[in-house]
Amino acid sequence: MVVLLGGFLGATLVRFAPGFGVDEEELDTRLSSRSVEALRATDQPDRNLFRFYVHYLGRLMQGDLGESRSLQRPVSQLLAERLPETLKSVGLGLGLGWSLALPLAITVVMVRAWLLDAISNVLVGALLCIPAAVLALLFVMEQVPARLLLSLVVFPKVFRYSRNLLVRSSELPHVLTARAKGLGNIRVLVWHILPNAAPQLVALAGVSLSLAFAAAIPVEALCDLPGIGQLAWKAALGRDVALLVNLTMIVTLVTLIANSASDLVGQRFHAGEP
Amino acid sequence: MKYARLVAIGILVAVAAACLLANFLAPAPYAHQYREIPDASPSHQHLLGTDDLGRDRFSRLLYGTRVSLLLAPAAALLSSLLAGLIGGIAGFAGGRTERMVMAATDLFLSLPWLFLLITVRAVLPLNVAPLTSVIITFALLGCLGWAGAARVICADARTFSQSDFLVQARATGSSGFRLLWRHLIPNLRPILFAQFWISIPVFILTEANLGILGLGVAEPLPSWGSLLRELESFSTVSTQPWQFVPLILFIVVVSSFHLVLTRQELPT
């Protein structure tokens, strides 16, 4: 339901944005008035939002996602080509980002050395202040593999949230009692701190997926990675409604699945609590 | 940290003052072209040199900073007001209204809003004026960024609406609007302010991303996004390191916002 509403909202925003239906081809002075009329006639079904959307849903039921006007190819074909590329980049970015951020956050919280905390905060603070697009340009300039870039977008956010969660958990009375009773650092972490922070960390995993997808647009567009982020950018520049609505729905679907999965896992953690 | 926050506030005040006084400090208007000296090196006349169209980089930096620093808070104000209105009423009313509003908020949060943003931004007319493009870009940011803040405000409004002072106010005969205006909104003000302050660097970063992708503020009006777009010309950047000045200023300003945020002891 949310996916359908998401697609509908996307279509609505596009339909009512000023300039909808303006086609650069109509400005071509070589075209006769009949050709311009023919061009306008091809746009006609898209002009009525509900008609456009009902047509779209009807075709969707038959597995037809429509045709990209700007790229002159079926949307399903474009998605089949580009989605795996984005999923690879996003997967690598999330994997690397989390495997850097969580161990660092745990180390900062458990070691409690102010210098380490200060250095990690400065590093993370600096990364949070650089737009993903600038990072992409710097990566291209230095010829660093662009696939690693999404991990730099995910890392600072995951580190900051998980560090705060772990700090909050480590200050709980039962954790302080466990420490006072002489439990070792690893036991305190595994038995008392992590189980307490786990539901929020799982929720953060869901959120980090949508973060990675959002960052995929500038990263793929500027690093020339043929994924759906680059496709969205090209579709936006080419004013391709069908393609943009499909992309919006697919990313909404992926985000929803990730969030629902993380909610379910989080609930299981809660259910397991005494 | 106290000193770091004071320095951050000092930097923000100095940068805001410099860009507000851009008309006096800038050696030339942002669109003025010195056609005989494109890509010039820094000099007394052009502190950061000129760009490939012969425009003074320092002037463009001042005016671009003004655009971003004036309009990002405006967008943040819009999104905070929307969040306050929607979240506040939902939390105060409770019941079915709250559930419906929260469902709408969930829907909004599930949407990939950068996708929506580039979509709407891209279908603007081809001949849109630069000033219109900048207003539309930041208005879109403001209109799309309310959902997360609305959830926070709704939760707080719900807590306040069940608190003793509001129960007592109800018992003394205060009606809905009076309760909202005299009791709830003054208590929500610090949260609204915190949400407003959180949103500013987010919107600055988003505008920069859009600008670098060519979907932000239209030329010749400068903004941080369009200034950072110059980094795309890799061949010249390596020989002209002063082109990194906008990026350095950008990082300094955004990190200053983050440092002041910490001062408000906000959850991150």
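## Helix pair in chain B

In this predicted model, α3(B) passes α4(B) in a left-handed crossing (the near helix is turned anticlockwise from the far one by less than a right angle). The axes of α3 (residues 57-93) and α4 (residues 95-110) of chain B come within 7 Å and cross at roughly 145°. Axes are lines fitted to C-alpha atoms over the stretch in contact, with angles from 0 to 180 degrees between N-to-C directions; helices are DSSP runs of H or I with at least four residues, numbered from the N terminus.

On the α3(B) side the contact is made by B:I86, B:A90, B:G91 and B:A93, and on the α4(B) side by B:G95, B:T97, B:E98, B:V101 and B:M102 (contact: C-beta atoms, placed from the backbone, within 7 Å).

## Nonpolar core

The largest nonpolar core has 127 residues (buried Ala, Val, Leu, Ile, Met, Phe, Trp, Tyr and Cys joined through C-beta atoms within 7 Å; buried means 20 or more other C-beta atoms within 10 Å, exposed 12 or fewer, partly exposed in between). Helix α9 (residues 185-223) of chain A gives the largest share of this core, 16 residues.

A:L247 is among the residues with the most contacts inside the core. A:L247 touches A:I228, A:L231, A:A232, A:A235 and B:F115, not counting residues up to four places away in sequence.

## Positive phi

A:Q143 is not a glycine, yet has a positive phi of about 55°. A:Q143 is exposed, with 8 other C-beta atoms within 10 Å.

## Numbering and confidence

Residues are numbered from 1 along each chain as its sequence is written, and chains are lettered from A and ligands numbered from 1 in the order in which they are written. Local features need pLDDT of at least 70 and side-chain atom pairs count only at pLDDT 80 or more, while totals for chains, interfaces and linings use all residues.

Key
Helices (H or I, at least four residues) and strands (E, at least two) are DSSP runs, numbered from the N terminus. Two residues are in contact if their C-beta atoms, placed from the backbone, lie within 7 Å.
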